[in-house]
Amino acid sequence: MNNLGRGRRDKVQQFMTVTGAGEKFAIQALKATDWHLEGAFNVLHRQPRIEALANIKRLDELYHQYKDSHIDMILADGISYLCNDLRVDPQDIVMLVVSWHMEAATMCEFSRQEFVGGLLSLRIASLEKFRERIPFMRSELKDKQKFGDIYDFAFDWAKEKGQKSLALDTAIGMWQLLFAEKQWPLVDYWCQFLQNIDPTLSNYDPERAWPYLIDEFVDYLTENGIIQKGKSSDSSYKH
C-alpha cells in the first residue's frame with residue numbers, strides 16, 4: 001500500500017475499517033470502481049469477498065481485451081468488437097440496456113468503472129456469462145418500470161459531450177429504437193412532427209414547452225386527419 005498516494009491509502013484504510021476486509025481485497029475493489037468508496041462497498045455487498053475478488057480480476061482482463069490502445073476507455077471500435085463476440089448487432093437495443101446497467105455517461109464509451117462495476121452488478125464474470133444474460137436484459141424492456149428508467153437514461157446518455165440539448169436526428173433515432181419495442185402506433189407521426197420544429201430542441205422547457213409541444217402534436221394529428229376529436233375532447237386514432 002506504500003506505493004499509493006495519501007488519498008488512496010486513506011480510502012483503503014476506510015474500506016478495511018468499515019468492512020473488515022483485507023488490504024488486497026480493499027485495493028482491488030477500489031481499483032474496480034476508480035477509487036470510489038461507495039462503489040467499492042457495493043462490490044462487497046453484491047458478492048462474497050473471495051468470489052468478488054476473483055470476478056474483478058476476470059472482468060479487468062475482459063476490459064483490457066476491448067479498451068482503446070491509447071486511452072483507458074472502451075470506445076466505439078472496442079464496443080463493436082465486444083458486440084461481435086456477444087453475437088449482437090451494435091445497433092441492437094439490448095446494447096442500450098447494457099449501457100444502462102453500466103450507468104455509462106456517454107454513448108459509445110465505457111470507462112473501466114462503468115464496465116467492471118456494471119457487469120459485477122449483473123453477476124457476470126466472463127464473456128460466456130455475458131452472452132447468456134443478453135436475453136434477460138432484452139426482457140427487461142417489457143417491464144414498465146424498467147422501460148421508463150431506460151427511456152430516461154437514454155436521452156441523457158445520447159447527448160454529445162458538453163451539450164445540454166439533444167440533436168433532433170439523434171432524438172428521433174432514439175424514439176424509433178425505443179418504441180419499436182413498445183410498438184407505439186404514433187411514433188412515426190411524432191418524428192415527422194418534430195422535424196417541423198426547432199431542430200436542436202433547444203426551446204425545450206419541462207415546466208412549459210413540453211406540455212405545449214404535446215398540445216401542438218395533438219393539433220398536428222387532428223389537422224392531418226390522423227385522429228378525430230369528438231365534442232367531449234376524446235381523441236380516437238385512425239388505424
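A: Glu-140 counts as buried, at 4% relative accessibility; buried means under 20% relative accessible area, exposed over 50%, and partly exposed in between, with a 1.4 Å probe and protein chains only. The areas come from the Shrake-Rupley method with a 1.4 Å probe, and for residues only the protein chains shown count as cover. This is a predicted model, in which local features need pLDDT of at least 70 and side-chain atom pairs count only at pLDDT 80 or more, while totals for chains, interfaces and linings use all residues. Residues are numbered from 1 along each chain as its sequence is written, and side-chain values use heavy atoms, with hydrogens and water left out.

The partner of Glu-140 is Lys-146: the two form a salt bridge whose closest N and O atoms are 2.9 Å apart. A salt bridge here is a side-chain nitrogen of Lys or Arg within 4 Å of a carboxyl oxygen of Asp or Glu. Lys-146 is partly exposed, with a relative accessible area of 27%, whereas Glu-140 is buried.

By this rule the structure has four salt bridges. Another of them joins Asp-60 and Arg-112, with 2.5 Å between the closest N and O atoms. This pair links distant parts of the chain, since Asp-60 lies in helix α4 (residues 49–66) and Arg-112 in helix α7 (residues 112–121), 52 residues apart. Helices (H or I, at least four residues) and strands (E, at least two) are DSSP runs, numbered from the N terminus. Arg-112 counts as buried, at 12% relative accessibility.

Lys-129 and Glu-132 also meet in a salt bridge, at 3.9 Å from N to O. Both belong to helix α8 (residues 127–139), and because they are three residues apart there, about one helical turn separates them. Lys-129 is partly exposed, with a relative accessible area of 34%, while Glu-132 is exposed at 54%.

Asp-215, Glu-216, Asp-219 and Glu-223 form a negative one. Patches are made of residues with over 30% relative accessible area and no salt bridge, like charges being joined within 9 Å and nonpolar side chains (Val, Leu, Ile, Met, Phe, Trp, Tyr) within 5 Å. Lys and Arg count as positive and Asp and Glu as negative, with His and the chain ends not counted; the place of a charge is NZ of Lys, CZ of Arg, CG of Asp or CD of Glu. Glu-223 lies in helix α12 (residues 209–223) and is exposed, with 67% relative accessibility.

As for the chain around these residues, 40% of its 239 residues count as buried. It has twelve helices and two strands, and from the N terminus on the elements run α-α-α-α-α-α-α-α-α-α-α-α-β-β. Asn-42, in helix α3 (residues 37–46), is partly exposed at 31%. Asn-42 and Ser-121 are 79 residues apart in sequence, and their C-alpha atoms are 8.5 Å apart.

The structure holds zero disulfides, a disulfide being a pair of cysteine sulfur atoms within 2.5 Å. For Cys-83, the nearest cysteine sulfur is that of Cys-108, 9.3 Å away. Cys-108 is likewise in no disulfide, and its nearest cysteine sulfur is that of Cys-83. Cys-83 is buried, with a relative accessible area of 1%, whereas Cys-108 is partly exposed at 42%.
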